[in-house]
Amino acid sequence: MMTDSLGRPVPNDMNSLTVGPEGPVLLEDIHQIDKIAHFDRERVPERVVHAKGAGAFGQFTTYQCMSKYTFADFLQGANHTTKVFVRFSTVIGSKGSADTVRDPRGFAVKFYTNQGIYDIVGNDLPVFFIRDGIKFPDVIHSLKPAPNTNLKDPERFWDFISLTPESTHMIAWLYSDRGTIKDYSHIDGFGVNTYIWINANGERFYIKYHWKTMQGLETITRQEAERLAGSDPDIAVRNLYETIKCGKFPRYELCVQIMQTCDLDDLPFDPLDDTKTWPEDRFPLIKVGMMTLNKNPENFFAEVEQSAFCPGNIVPGVALSADKMLQGRSFSYLDTQRYRIGANFAQLPVNRSISPVDNNQRDGEMTYLFDPEPINYSPNSLNNNRPCPADIPQAKPEYIEGYIGRTPITKQNDFYQAGLQYLSYSPEEKAHLADNIAVELCTCKRDIIQRVINHLAKASPEWANMVLRAMRMYKPNL
């Protein structure tokens, strides 16, 4: 019987506690908080995920005013420039792992706006393995080395995938050649999560972020990735540093997809599901601005290792949607940073806001930006009730109703987009995808193989057959 860390029975470990199937996650979900908080503390001191990375400073310049959709300060006019810091990373490997392994790549951007820090924390692939944050420790555990041997075991991962149909779309991306790269300048970035923009009238709009590389997409084959892992395991970190050092500054164009709130239910899938993309013919990419990376860090540890990102780091004009992964990540990432580099991580130069910080939080380990004001509570009369509440526009109240329970979303539709992604590939790309899956899947137990093949067949019978044929090249008796 499954229990929590205090031995209490756990009847449902697959779904967050939400208001209705599509509603927001509740803070009273003590099981999820305990599960994720424990997960956040599993490694000392490197990051549990995204341990190995590279970073660079730069600037983001807007093309146009986005005030129709958001009152976020840094998007209020054309040619407005905001300082940024970007950290690229691999997700699963430790700090000493190779840059070229098959893995999603983290693509995290920190904006130093006049109204505080805004982080867009995403990946180089547009979807993820799961749609509910409560399952995040599980998917990462399946990808990490086995606890008994400390060795990676593909069977553990494929076992999880075979029991998680929603991951099929991610497999279509990750096991294509998009899963193996050698240069961070030649990848796209995606916010993956769905955010909300709010304009000065309080109107809400659903948002998906896209970063488009101006250098062109470049991938490598599995065989090239394995060769480079042995001969030049730090190739992506080196390439980024040397490219900027030589004055060839990487550029990425920020685009957004915008969805009206009234369109949320008018789709065959849930738009807040991280295993789905929004169709670009219906929600076209709108160009917002250009990011240019033009300065290498001066100290890797101080500026890259100590950089701290969180999807919950938002500014006025931006809000979190009921995306179940986003709501889980907004807690997990901040909790991880407090554990990894302390409660005052926001005082570190790389994480520090350029706008004044004024609140009643005090003390904690490693405090060095201190407020001498003796009145550290609100309300107060001894300091004229300062700090005063911010006078900024507010979103119109949002009506939410539903039964509280651990229920999955209603429109799962796990295979359709995975099939479309497979069909979008060229014959060579399809062959690479099938072979990349087959070389791992053929080492698994037959029941795991059968479940994975069944999922692939639901996405595309051709895809399933190609993987079966490829597996028989490695194990003819399958």
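The model is a predicted one. Across the whole structure, a search finds 27 aromatic pairs. Helices α2 and α3 have axes that come within 7 Å. Ile244 and Thr180 both count as buried.

**Aromatic pairs and cluster**

- A pair of aromatic rings is described by the distance of the centres and the angle of the planes.
- Among the 27 aromatic pairs is that of Phe60 and Phe74, with ring centres 6.5 Å apart and planes at 65 degrees. The pair is edge-to-face because an angle over 60 degrees counts as such.
- This pair links distant parts of the chain, its members being 14 residues apart. Phe60 belongs to strand β2 (residues 53-62), while Phe74 lies in the loop between β2 and β3 (81-90).
- Phe60 has a relative accessible area of 0% and is therefore buried, the cut-off being under 20%. Phe74 is also buried, at 3% relative accessibility.
- Phe128 and Phe129 make another edge-to-face pair, with 5.3 Å between the centres and 75 degrees between the planes. Both of these residues are buried.
- One aromatic cluster includes Phe60, Phe74, Phe88, Phe107, Phe111 and Tyr118. Tyr184, Tyr195, Trp197, Tyr209, Trp211 and Tyr252 also belong to that cluster.

**Charges over rings**

- Lys83 places its charged end over the ring of Tyr112, at 5.1 Å from the ring centre.
- Lys110 is located over the face of Phe309, and the distance to the ring centre is 4.5 Å.

**Helix α3 and its surroundings**

- Two packed helices are described by the angle between their axes and the distance between the axes.
- Helix α2 spans residues 136-143 and helix α3 spans residues 154-162; their axes cross at roughly 145 degrees and come within 7 Å.
- On the α2 side, the residues that meet α3 are Asp138, Val139, His141, Ser142 and Leu143. Their partners in α3 are Arg156, Phe157 and Phe160.
- Sorted by class, this contact of α2 with α3 has four nonpolar, two polar and two charged residues.
- Phe157, Trp158, Phe160, Ile161 and Ser162 are the buried residues of α3. The elements covering them include α2, α4, α10 (427-441) and α11 (446-459).
- The N-terminal end of α3 is capped by Asp153, which has a side-chain oxygen 3.0 Å from the backbone nitrogen of Glu155.

**Thr180**

- Thr180 sits in the loop between α4 (168-174) and β6 (189-190). Its relative accessibility is 1%, so Thr180 counts as buried.
- A polar atom of the Thr180 side chain lies 2.5 Å from the backbone oxygen of Ile220.
- With neighbours within four places in sequence left aside, the contacts of Thr180 include Thr100, Val101, Arg102 and Arg105. Thr180 is also in contact with Thr219, Ile220, Thr221, Arg222 and Ala225.

**Ile244**

- Ile244 is part of helix α6 (residues 235-245). Its relative accessibility is 5%, so Ile244 counts as buried.
- With neighbours within four places in sequence left aside, Ile244 is in contact with Ala56, Phe249, Pro250, Leu293, Asn294, Lys295 and Asn296.
- Between Ile244 and Thr62 the C-alpha to C-alpha distance is 22 Å, and the two are 182 residues apart in sequence.

Key:
Residues numbered from 1 in each chain as written. Predicted model: local features only at pLDDT ≥ 70, side-chain atom pairs only at ≥ 80, totals over all residues. Heavy atoms only, no water. Helix = DSSP H or I, 4+ residues; strand = E, 2+ residues; numbered from the N terminus. Buried < 20%, exposed > 50% of the residue type's maximum accessible area, 1.4 Å probe, protein only. Contact = heavy atoms within 4.5 Å. Polar contact = N/O pair within 3.5 Å; in protein donor to acceptor, adjacent residues only side chain to side chain. Phe/Tyr/Trp six-rings, centres within 6.5 Å; stacked < 30°, edge-to-face > 60°. Lys NZ or Arg CZ within 6 Å of the ring centre and 35° of its normal. Axes fitted to C-alpha atoms, helices over the stretch in contact; angles between N-to-C directions. Nonpolar A, V, L, I, M, F, W, Y, C, P; charged D, E, K, R; others polar.
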